[in-house]
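Keep the viewer open as you read.

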Amino acid sequence: MASGNSRSGLDKFGRPLVVVTGLGVVTSLGAGKADNWAKLTAGQSGIRAITRFPTDCLKTRIAGTIDFLAPQSSTAALAETFADLAAEEAIAESGLGAPGNFPGPLFLAVPPIEIEWTQRIEVGSRSGSNDKTTYADLMRVATQFPDYHQRFLFGSVADHLAEKFGTQGSPISLSTACASGASAIHLGVEAIRRGESDAALCIGTDGSVNPEALVRFSLLSALSTSNDNPQAASRPFSKNRDGFVMAEGAGALVLESYDSAIARGAKIIGVLEGCGEMTDAFHRTRSSPDGKPIIGCIASAIKDAGLTPDDIDYVNAHGTSTPENDKMEYLGVSTVLGERAKTVPISSNKSMIGHTLSAAGAVEAVFSLLTLNNQRIPPTINHDIPDPAIMMDVVPNKARDARVTHAISNSFGFGGQNVSLVMGLEPA
Amino acid sequence: MADAPREVWITGIGIVSCLGEGGDTHWQKLMEGKPTGNASMFSPFIVHPIAPINFDTQIPKKGDQRQMDSWQRIGTYAAGLALDSADVKGKSDILSRMDMIIAAGGGERDLNVDSTILTGTPLAANRAAFLNEKLMGDLRPTLFLAQLSNLLAGNISIVHGVTGSSRTFMGEESSGIDAVRIALSRIAAGQSDIALVGGAHNAERPDQLMLYEFAGNCLKDPFRPVWERGEHGGGFALGSLGAFLVIEAREHAEKRGAKPLARLTAVFSDRSNRKPGAATAALSRLWDKLKDKVKSGHAAVLSGASGAKAATAEERTFLEAQVLEANGDLAVRATGSYLGHGMEPQFPMNLALAVVALGHGQLFPPSDASGLEKPMSAPLDQVLVTGVGHWRGEGLALVERVG
């Protein structure tokens with residue numbers, strides 16, 4: 001496809017270079033890049049007591065909910081609202097295509113969609129069953145709720161976004177658990193490198209703060225129970241970390257081939273230099289104790305970028321604040337970076353915005369690119385009691401100016417999912 | 001990336017359904033030509049429950065089986081069959097770089113807990129507290145892992161050691177079409193050498209029946225083959241399915257001495273908004289990319305038509321106006337008449353059945369009184385596979401005999 005001479009648009013491996021021309025984000029801190037970046041670098045927390053539903057009898061009663069937008073009646077509707085906002089911002093910044101006609105495919109990381117208790121109880125109540133209520137009763141009245149069919153299909157969020165933004169072809173809804181957002185970007189990078197498209201819209205979104213989702217994580221003992229001081233609950237890499245904080249948000253990236261961006265005179269925000277992935281077959285929720293899949297994932301992303309570990313000067317950590325993750329991530333990062341792991345800054349956005357689950361990889365890619373653009377590293381807040389076993393510069397509590405040329409963002413999820421993304425500034 | 005696309009072979013299949021397991025069993029049942037469904041399990045709705053399976057043969061550890069719900073067991077089992085079929089089972093040098101794309105739904109539920117909450121809520125003094133208390137007290141902690149969409153992939157990694165990469169696509173029928181499309185594109189472009197692709201679906205779930213019945217989609221007794229349902233209001237019968245393919249670059253297969261079961265020549269997909277005529281138009285656009293490759297006389301169509309009224313009518317219009325118009329003697333078969341509608345794995349299943357038919361060099365008999373399916377006695381070299389989602393998603397693939 002590429003001609004023999006014009007090499008500027010290709011990476012070191014002869015593949016189309018993938019750049020970022022639009023970013024959008026919404027988190028519990030606010031809507032938009034400006035607001036989020038200001039609060040993130042000020043070390044503000046978006047974690048608060050849950051008010052969306054009563055929290056009686058729950059062990060965890062805090063989350064990073066997005067409460068400044070109109071309420072929605074389901075995870076699907078919330079996820080769609082957040083993704084829509086982030087995509088609007090990213091596409092507007094990129095200036096790519098025309099309204100309702102985005103010239104590339106959609107890759108959407110979205111939480112699993114299902115009918116929730118609000119609706120289940122509504123249908124049950126309509127069934128008028130006097131005695132024990134079962135699905136057989138609900139089935140009798142199901143056709144009275146035609147809208148619930150498409151709302152609770154897995155593909156509905158992506159479909160609505162595809163319709164609105166006019167993305168090309170069949171939209172991909174995907175899940176790699178807590179690595180989903182990074183996988184959406186990875187798939188977009190691959191599509192552009194294949195020459196299949198000059199652009200891709202990659203979004204990660206999540207709006208899962210509902211009673212059953214919270215209980216599910218709670219029953220796995222994954223969540224912080226520091227309910228009394230919500231803003232201090234997410235404490236990645238601290239000795240007294242006690243679990244992650246569920247949170248909501250969306251991140252959107254417009255990816256584009258370098259040649260396409262240059263041809264239309266677009267502003268290049270950064271380069272998606274490399275992607276790495278390695279699956280862990282050790283356990284459904286725990287990492288292999290030797291850390292090999294995480295190490296392999298990080299190393300392969302750096303290699304895919306055509307770089308060496310010495311080129312990495314910032315790590316945007318997965319940093320969930322669970323005892324297990326932060327320990328394993330330290331093992332992975334310190335193994336790959338070697339001695340430099342003690343000095344290369346690593347910080348966790350989740351200390352402020354919580355764990356945005358399916359969105360996290362995309363939200364944190366957006367923040368990594370803002371870090372590169374601003375040459376300023378957001379802190380890991382709530383870092384009062386360092387874990388002596390984790391000997392890294394976690395940028396404790398205060399943002400810091402720094403020279404950052406190549407950043408790596410990690411995402412690890414249940415089911416052995418590991419994805420790392422390497423991002424850089426446009427080559428001078 | 002500038003190189004010509006690489007040829008991609010299907011070197012393994014693993015299938016389970018109401019008909020049984022494996023290509024031979026499926027072929028035998030399809031040749032008998034007597035589709036039927038189960039009308040008693042969720043009367044009056046018809047489903048196609050999975051045939052009895054001895055899971056131990058592919059999931060040896062009981063502990064692993066306990067960690068899974070039905071859809072994951074069906075999928076992990078079918079994936080194991082596919083790895084066996086491709087002769088890569090246990091070969092960790094290959095499995096450690098094998099890419100995996102799974103098409104999945106998820107969310108199997110604890111029906112007793114749901115019923116307890118639905119029954120108790122109207123009587124509870126504090127309904128929200130009652131809900132929280134029951135969820136905290138009654139849900140078993142590991143149920144979440146049986147519900148997460150990406151945990152079929154996770155289980156396949158754990159049980160079979162597939163660890164190159166792991167991606168799970170969601171979105172009903174489209175997820176199955178796009179899983180194969182992207183796995184194929186990656187191999188053709190040199191981004192991957194070998195992939196495990198497929199999915200699983202458990203039809204024996206009243207909560208899933210409810211989801212589709214919200215739109216009145218579920219087929220009620222009496223059972224009829226897919227094409228005959230339109231004049232009776234349409235509808236699909238959910239089917240339990242597990243369907244996996246091992247696909248790989250021809251040179252990768254040759255290097256390890258693997259035989260091709262068939263060539264996966266092309267997979268195309270699209271999304272239309274399903275205004276009247278939109279699905280037919282989308283399929284016609286996909287067909288334009290393929291039609292020059294299809295040779296009259298030795299080709300057939302394996303249709304993924306579900307029976308959903310509008311989608312199936314539009315597919316029929318497409319087949320009659322485009323495919324049969326250009327290739328008058330092309331025979332069509334809707335496998336959904338036999339297997340039911342399996343959502344995510346429906347398309348991979350039909351690719352696998354195309355492989356089975358090509359292996360026998362012939363097509364199974366028609367089962368359709370509406371007149372679309374016609375007998376075919378000529379030798380079979382090519383199969384056009386269709387996938388038309390009941391609500392969204394259109395796909396076409398071409399599977400061909402090698403040699």
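Strands are DSSP runs of E of at least two residues and helices runs of H or I of at least four, numbered from the N terminus. Before going further, note that this is a predicted model, in which local features need pLDDT of at least 70 and side-chain atom pairs count only at pLDDT 80 or more, while totals for chains, interfaces and linings use all residues. Residues are numbered from 1 along each chain as its sequence is written, and chains are lettered from A and ligands numbered from 1 in the order in which they are written.

Now look to either side of β13(B), which covers residues 382-388 of chain B. Strand β11 (residues 299-303) of chain B runs parallel to β13(B), joined by four bridges, and B:V301 stands opposite B:L384. Strands count as paired if DSSP finds at least two bridges between them. With strand β14 (residues 394-400) of chain B, β13(B) is antiparallel over seven bridges; there B:V385 faces B:A397. β13(B) and β14(B) make a hairpin with five residues between them, and B:G393 in the turn has a positive phi of about 95°.

Step back to the domains of chain B, whose bounds come from an automatic or database domain assignment. Domain 1 spans 8-110 + 142-255 and domain 2 spans 266-400. Between them, 56 residues of domain 1 are in contact with 48 residues of domain 2, contact meaning C-beta atoms, placed from the backbone, within 7 Å. On the domain 1 side, α9(B) gives the most, with ten residues.

Finally, turn to where the chains meet: the contact takes 70 residues from chain A and 68 residues from chain B. Among the elements giving two or more residues on the chain A side are α3 (117-127), β6 (172-175) and α7 (180-193) of chain A. Which strand of chain B does β6(A) pair with? The partner is strand β6 (residues 165-170) of chain B, in the antiparallel sense over three bridges, and A:S173 stands opposite B:M170.

Definitions and conventions. Buried ≥ 20, exposed ≤ 12 C-beta atoms within 10 Å, placed from the backbone. Contact = placed C-beta atoms within 7 Å.
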